[in-house]
Amino acid sequence: MHRGLHGRGALFDGEPAGLVPRLVGLRPYDHLSTEVEHPGELPVLVLAGGRGLGKSAVLAAAWAAYTEETRRDGTRRQTPLALLDCEEEQFAGPPHGESPESWSPVLQALLVLAEQLTAPVRPAGSITFPRLTAGLVAVRANDWGGSDSERIRREIVRILLLNEGGPRLSHFAGRWAAKVAAKVVAAASGQGPLVSAVVEATLEALSERFTHHREQRPSTWYRTYPNAGGNAERGLILLSGQFRAGATSREHAERHLVRALLADLTAAYRGPGAYLKRRGRPLVLLDNAGAGPGPGLLGAVLHDRAEGIADRVVWIATLRGTDHPALPDAARRGLPEVARRSGWQPGATPSSRALLVTLPPLSPDDTLHLVGAVCRDAEVPARLPHAVHRLTGGNPLGIVLLAASAARQPEEAVSLGRLLTAPAAGENEREEETGSGRPAYRALLDRLVPADRLDELTVLAAAHDHDSACALAAARLPDDFGPAGVRTLRARLAEEGMPDAPGHFVGDPFVRTLLLLRLHHHGADHEAWRRTHGTLIGHYTHAGDDPGAARLRLWHELALGDADGAVAYLRDGFAVLDTRVWLDVLRFVASAPYFHAHDAGGRDFAGHDDRRARTALGTTDADRLPPADADALLHLRTRRLLHAVWQLTDPLVLPDPKVGERLRFELQQLSELRPAGGSLLFEASRGWPGDALAGRPLRLPDDDRAGHRTGEA
């Protein structure tokens, strides 16, 4: 498995080989040959999942697996290799001065991919791209009619360097390209048709460069272009014109350019001794392939393979989300299913050529090992890995950042809330020392939620459903963000792989916790926090006698530090509610976020003071006397129990073992007061403390069978 990458052995194991080495034909790191699973047609491997699940890390691992460090602090590749982030700025639009009629994200991506794929691979050397070069020059020639000959020369040289066949930074690199560029610039400056003159000069130069019959293909390969009539120059002119026309004509031209790249790569594996020199298949890695050039590149490969146009390239792409309607016939697998065999077989449609593998969250054991690896030189609490997994749900990005923060400042590792509000690990050294950098929760949110909707999500994270989200939008968000905006945002979260959770507008508990933390720290007096929860208290107060609305109102009251209503509800309901319902209400209400100690104006005066533990242990019993008309013993016991569950299940703190013992005691005592439901209360007293300390949800017998929590709306 990749060094430092946990929970992804199904992709990178060396023996027996994981999916990636079975596709490439080389074991990672030791680079020994391994049996390929698909000796004929290959699937396009698509790694899917929500934000933060490590899709980019998997591609980085694939890159590292097939490169090695050299003695001169460089790297050497073991197979042709390219990595592209389709969300990079260079694919957002044409550079300054270039016409969009002769530029596209796919065109730019093909140039960047080819530049990376030309890197030498021992003992085979470099791959050249004469077919792609001719096509790129023909398309770009549409934009070379101006007087900026220096810009034209730079562009031509960059494209022609794809055919140097040696180190790009060597002493001799670029001499041939510079000479040819001068000829092409001269041709472009002539009186004849621009594209025709440039194409003719380029084909002539490439033919002179590649005298070997196998490589002298640009002058013949484009003869088969539709309607070229066996004339390569005419084929390139048609390609250029269709690209310039845009729409579906451009898509056709782009597909042919992708085909040119793949034909050049395929040619490198043909001829005497090629398979002895080139042991592994070429590997192209596309991150965030739903953006920029990604759809065009993948669509071209899938369509060509469906039409029987074969290639040898291993394509691995990442896509955000899990549904992907553009790949309706893709073979879908969970990660464990591909550990030994993928079972993929192509169908009749282009999308059936894709193998879509969903990346799962990391397991508690994976989290334990990952935190241990990052914090190996720091003394951190033994319960930290369990708490990190409970908070993150196994999100690799969150685990790594929290572990790095704990390793950098182990004294703060007693509270995940403190780690998240401290400057993020990896900020520059001065910001870390002065505490002026982004807090860790903000660094995580920048990567886990859409940046253009962060403010709206920060408020809506407190909502439970569409109606409560609309109530918040009306009271706390701009006027143009109404019910339609709420629906659009929720649909967008679903498209990006955000899970749905009954009772919460933001389904992912980790993301929801980070958003609520941002809401809490928005302003020194926590006004945004108080107004947001106050809005929903009013919303559910007006809902009448609905029990679900009453419990949601208590949740928001508790979020503001007011436990009186929740204690009274649980105390009075103890004798009349079904025991399972009563425990479900307790679990749900106590899942409210904690508004730590503050003064009447909302300002912190003891940020590290957790009143819940003191209340749960009974040290504040004398400070808050029970109502005169209430059972005093039941009231105090319920109050202690509520605060114990509240502290133990808070994902931002480490569960207190003393509070766990108190939870056990209080539930046992309550089991004696309720004979009809005593067995369930007793089971909870035995299981809940262990669940909390291990970072698991508090469970009851038959929870899985019940399939829901009665306390949630």
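Asp143 touches Gly97, Glu98, Ser99, Ser102 and Arg151, leaving aside residues up to four places away in sequence; contact means heavy atoms within 4.5 Å. Asp143 sits in the loop between α5 (130-140) and α6. At 12% relative accessibility, Asp143 counts as buried. Buried means under 20% relative accessible area, exposed over 50%, and partly exposed in between (1.4 Å probe, protein chains only). Asp143 and Val195 are 52 residues apart in sequence and 9.4 Å apart in space, C-alpha to C-alpha.

This is a predicted model, in which local features need pLDDT of at least 70 and side-chain atom pairs count only at pLDDT 80 or more, while totals for chains, interfaces and linings use all residues. Residues are numbered from 1 along each chain as its sequence is written, and side-chain values use heavy atoms, with hydrogens and water left out.

**The parallel sheet**

- 6 strands form an open sheet with parallel pairing, in the order β4-β5-β6-β1-β8-β7.
- β4 (81-85) and β7 (331-334) stand at the edges with a single partner strand each, so one side of each has no neighbour in the sheet.
- Neighbouring strands of this sheet are turned by 20° against each other on average, direction ignored.
- Helix α3 (residues 55-65) packs on the sheet and touches β1 (44-49), β4, β5 and β6. The direction of α3 makes about 160° with that of β5.
- Axes are lines fitted to C-alpha atoms, for helices over the stretch in contact, and angles run from 0 to 180 degrees between N-to-C directions.
- Strands and helices are DSSP runs numbered from the N terminus (strands: E, at least two residues; helices: H or I, at least four).
- Two strands pair if DSSP finds at least two bridges between them.
- β5 (residues 283-287) and β6 (residues 314-320) run parallel and are joined by 4 bridges. Leu286 stands opposite Ala317 in β6.

**Strand β1**

- 6 of the 6 residues of β1 are buried, so the strand is largely enclosed by the rest of the structure.
- Val44, Val46 and Ala48 point one way from β1. Leu45, Leu47 and Gly49 point the other way.
- β1 pairs with strand β8 (residues 354-358) in the parallel sense over 5 bridges. Here Val46 stands opposite Leu356.
- 5 bridges also join β1 to β6, again parallel. Val46 stands opposite Ala317 in β6.

**Nonpolar cores**

- The largest nonpolar core has 101 residues. Those with the most contacts inside it are Leu420, Trp582, Leu583, Leu586, Leu642 and Trp688.
- Leu586 touches Leu570, Leu641, Leu642, Val645 and Trp688, not counting residues up to four places away in sequence.
- A second, separate core of 80 residues includes Val157, Ile159, Trp176 and Leu298.
- A nonpolar core is a set of buried Ala, Val, Leu, Ile, Met, Phe, Trp, Tyr and Cys residues joined through side-chain atoms within 4.5 Å.

**Helix α24**

- Helix α24 (residues 527-541) has 15 residues. From first C-alpha to last, α24 reaches 21 Å, close to the 21 Å expected at 1.5 Å a residue. The expected span is 1.5 Å times one less than the number of residues.
- The buried residues of α24 are Ala528, Trp529, Thr532, His533, Leu536, Ile537 and Tyr540.
- An α-helix has 3.6 residues a turn, so residues three or four places apart point the same way.
- The cover over the buried residues of α24 includes α20 (454-460), α21 (466-476), α23 (509-520) and α25 (547-559).

**A buried polar loop residue**

- Asn163 is found in the loop between α6 (149-160) and α7 (175-188). Asn163 counts as buried at 1% relative accessibility.
- The side chain of Asn163 makes a polar contact with the side chain of Thr133 (2.6 Å).
- A polar contact is a pair of N or O atoms within 3.5 Å; within protein, one must be able to donate a hydrogen and the other to accept it, and residues adjacent in sequence count only if both atoms are side-chain atoms.

**Backbone exceptions**

- Most residues other than glycine have a negative phi, and most peptide bonds are trans.
- A cis peptide bond joins Glu15 and Pro16, with omega about -10°. Pro16 is in the loop between α1 (9-12) and α2 (19-24).
- Tyr29 has a positive phi, near 75°, and lies in the loop between α2 and β1.
- Asn288, also not a glycine, has a positive phi of about 55°. Asn288 lies in the loop between β5 and α13 (294-306) and is buried, with a relative accessible area of 14%.
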